[in-house]
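Visitor: Could you walk me through this model, with the cut-offs behind each term?

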Amino acid sequence: MIRTFMVLVAAAGIFITASDPTVAAPMANETGSEHPWSATFAVGFLDFEGDEEVDDSYGMTFGASYDYSDPWTFQAILSIYPSIDGNTRNSFGMKINRLEESAGVRSTAGYGLALDALYHVTRWERLDPYIALGVGLMIYEDDFGNKADPSVRIGGGVIYHINDEWAVRGDLRFMFAGSDTEANGEIRGGIIWTPGARISARIRVTGGRLDSDGDGLYDTEEDQYRTDPYDPDTDDDGLSDGEEVKRYETDPTNPDTDFDGLKDGAEVNTHKTDPRDRDTDDGGVADGHEIVEDKTNPLYGPDDLLMFELNINFDTDKSVIKEEYFDDLAVIIKVLARDAGSTARIEGHADRRKKSSPSYNKRLSRQRAQAVLNHIANEGEIAQARLKSVGYGFSRPKAGNDPVAGNIENRRTEIYIRTTEQGDVPESTVAPVVSPVSSDK
């Protein structure tokens with residue numbers, strides 16, 4: 001059996017060497033190990049000489065190895081054989097259990113301790129054959145004349161390195177022990193783990209200037225602007241991070257730098273408006289409102305609707321208008337009363353805090369806009385058909401929000417008045433309903 005194993009190990013070594021190009025030549029750059037300690041777990045078969053009290057047995061082995069130098073490794077080994085049956089002899093046609101004769105038991109357990117020195121023939125290659133020399137001690141659970149049996153060990157084996165951390169191995173040892181120099185053999189196969197040898201899959205740039213996503217910003221600059229070095233358009237606004245920083249001077253982490261309701265890319269590429277100016281034509285109405293709701297020209301100020309912005313302070317969770325705001329609303333009533341053909345759109349907006357609910361704020365802002373509409377209709381005797389209310393919650397901020405305090409600038413009511421001269425919005429120019437840009441991050 002041992003001869004068969006040696007033939008198989010040699011054949012496996014020849015096959016692996018021939019089929020694996022990585023073992024065709026030594027790894028010239030590897031001259032040592034940065035992680036000298038390794039652990040082995042193996043299962044094995046112990047082959048006793050035929051005239052001993054115990055019979056062949058299977059067991060398991062635990063080993064700890066230290067790479068002393070390039071060719072030399074020292075290995076401490078603990079082998080456990082939980083059940084070793086007694087050997088038998090024939091006597092007048094009967095089989096006699098030799099272990100039972102000597103110790104009064106039919107089976108025992110054994111524990112092997114060993115220290116081997118391994119000399120590696122081609123160290124640091126994937127296929128790593130070696131020869132071994134060492135000493136050992138076999139301790140049996142039961143005393144049959146050699147409860148502690150020292151031995152001299154010789155043999156060899158082969159290791160195949162799967163990667164820096166893991167390897168498989170096959171071992172063969174001959175142990176010479178006892179007063180009559182019994183020659184026992186051990187065959188083992190197992191795995192080797194080298195702790196700390198794993199190389200993490202990460203990239204670290206230590207020199208040169210790298211632009212991983214090709215957006216015009218070096219990775220070091222992306223860290224400065226808090227953009228994603230692997231996404232050329234971090235805020236998905238249609239402009240690359242490099243264009244925003246170096247050409248248009250917009251915020252590459254905010255899709256709507258000027259809070260006008262339009263993405264920066266749409267302003268530059270489609271509408272030709274200024275992505276840094278909320279009201280490009282200075283007509284009084286934000287570019288996004290002109291394009292989405294009013295259908296006016298964001299590059300021509302005189303066609304802007306008349307817009308009033310009121311910071312009406314409602315009580316928490318309430319939509320009742322306090323008397324202190326009646327005078328402000330009276331101005332709007334007079335404008336609508338002077339032009340019987342004019343119409344008004346009343347929009348409610350909220351600010352956003354960390355735990356703000358989108359649905360709740362949208363519903364509350366709609367109720368407050370409706371309260372303003374009802375007041376204008378009732379106090380000014382304005383037909384409700386001329387008025388429309390809508391609530392946007394915090395989806396259309398005009399400035400950033402603090403996660404704790406929000407922003408009072410965003411808690412507002414906006415009233416847009418379209419005069420008779422401006423007329424109704426032609427149906428053919430009504431844009432499809434789109435989700436407003438939420439610029440708040």
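This is a predicted model: local features need pLDDT of at least 70, side-chain atom pairs count only at pLDDT 80 or more; totals for chains, interfaces and linings use all residues.

Visitor: OK, how many helices and strands does the chain have?
Guide: The chain has eight helices and 14 strands, where helices (H or I, at least four residues) and strands (E, at least two) are DSSP runs numbered from the N terminus.

Visitor: And what share of the residues is buried?
Guide: Of the 441 residues in the chain, 42% are buried, where buried means under 20% relative accessible area, exposed means over 50% and partly exposed lies in between, with a 1.4 Å probe and protein chains only. As for contacts (heavy atoms within 4.5 Å), 58% of those with a separation of 6 or more join residues 24 or more positions apart.

Visitor: Which residues touch the most other members of the largest nonpolar core?
Guide: That core has 23 residues, and those touching the most other members are Ile332, Leu336, Val372, Ile376, Leu387, Ile415 and Ile417; a nonpolar core here is a set of buried Ala, Val, Leu, Ile, Met, Phe, Trp, Tyr and Cys residues joined through side-chain atoms within 4.5 Å. Two or more residues each come from β11 (306-310), α7 (326-338), β12 (343-349), α8 (358-380) and β14 (413-418), and α8 gives the most, with six residues.

Visitor: What is isoleucine 417 in contact with?
Guide: Leaving aside neighbours within four places in sequence, isoleucine 417 is in contact with Leu305, Leu306, Phe308, Ile332, Val335, Leu336, Ser342, Thr343, Ala344 and Gln422. There is also a second, separate core of 10 residues, which includes Tyr81, Met138, Phe144 and Met175.

Visitor: Back to α8: how far apart are its end C-alpha atoms?
Guide: They are 33 Å apart, which agrees with the 33 Å that the 23 residues of α8 should span, the expected span being 1.5 Å times one less than the number of residues. After α8 comes glutamate 381, whose phi is positive, near 50°.

Visitor: Which elements do the buried residues of α8 pack against?
Guide: They pack against α7, β12, β13 (387-393) and β14, and among the buried residues of α8 are Leu364, Ala369, Ala371, Val372, His375 and Ile376. As background, an α-helix has 3.6 residues a turn, so residues three or four places apart point the same way.

Visitor: Is alanine 371 buried or exposed?
Guide: Alanine 371 counts as buried because its relative accessibility is 15%. Not counting residues up to four places away in sequence, alanine 371 touches Ser319 and Ile321; serine 319 is 52 residues from alanine 371 in sequence, yet 6.4 Å in space, C-alpha to C-alpha.

Visitor: Switching to strands, how many bridges join β9 to β10?
Guide: β9 and β10 run antiparallel and are joined by 12 bridges, two strands being paired if DSSP finds at least two bridges between them. In that pairing methionine 175 stands opposite asparagine 184 in β10. β9 also pairs with strand β8 (residues 148-161) in the antiparallel sense, over 11 bridges, and β8 and β9 form a hairpin with four residues between them.

Visitor: How many aromatic pairs are there?
Guide: The count comes to seven, where rings of Phe, Tyr and Trp (its six-membered ring) pair if their centres lie within 6.5 Å, and planes under 30 degrees apart count as stacked, over 60 as edge-to-face and the rest as tilted. Tryptophan 72 and tyrosine 119 form an edge-to-face pair, 5.1 Å centre to centre with 65° between the planes, and this pair links strand β3 (residues 72-85) to strand β6 (residues 107-120). Tryptophan 166 and tryptophan 193 form a stacked pair, at 6.3 Å centre to centre and 25° between the planes.

Visitor: Where does the charged end of arginine 396 sit?
Guide: It sits over the ring of tyrosine 392, 4.0 Å from the ring centre, the rule being that NZ of Lys or CZ of Arg is within 6 Å of the ring centre and within 35 degrees of the ring normal.

Note on methods: Residues are numbered from 1 along each chain as its sequence is written. Side-chain values use heavy atoms; hydrogens and water are left out.
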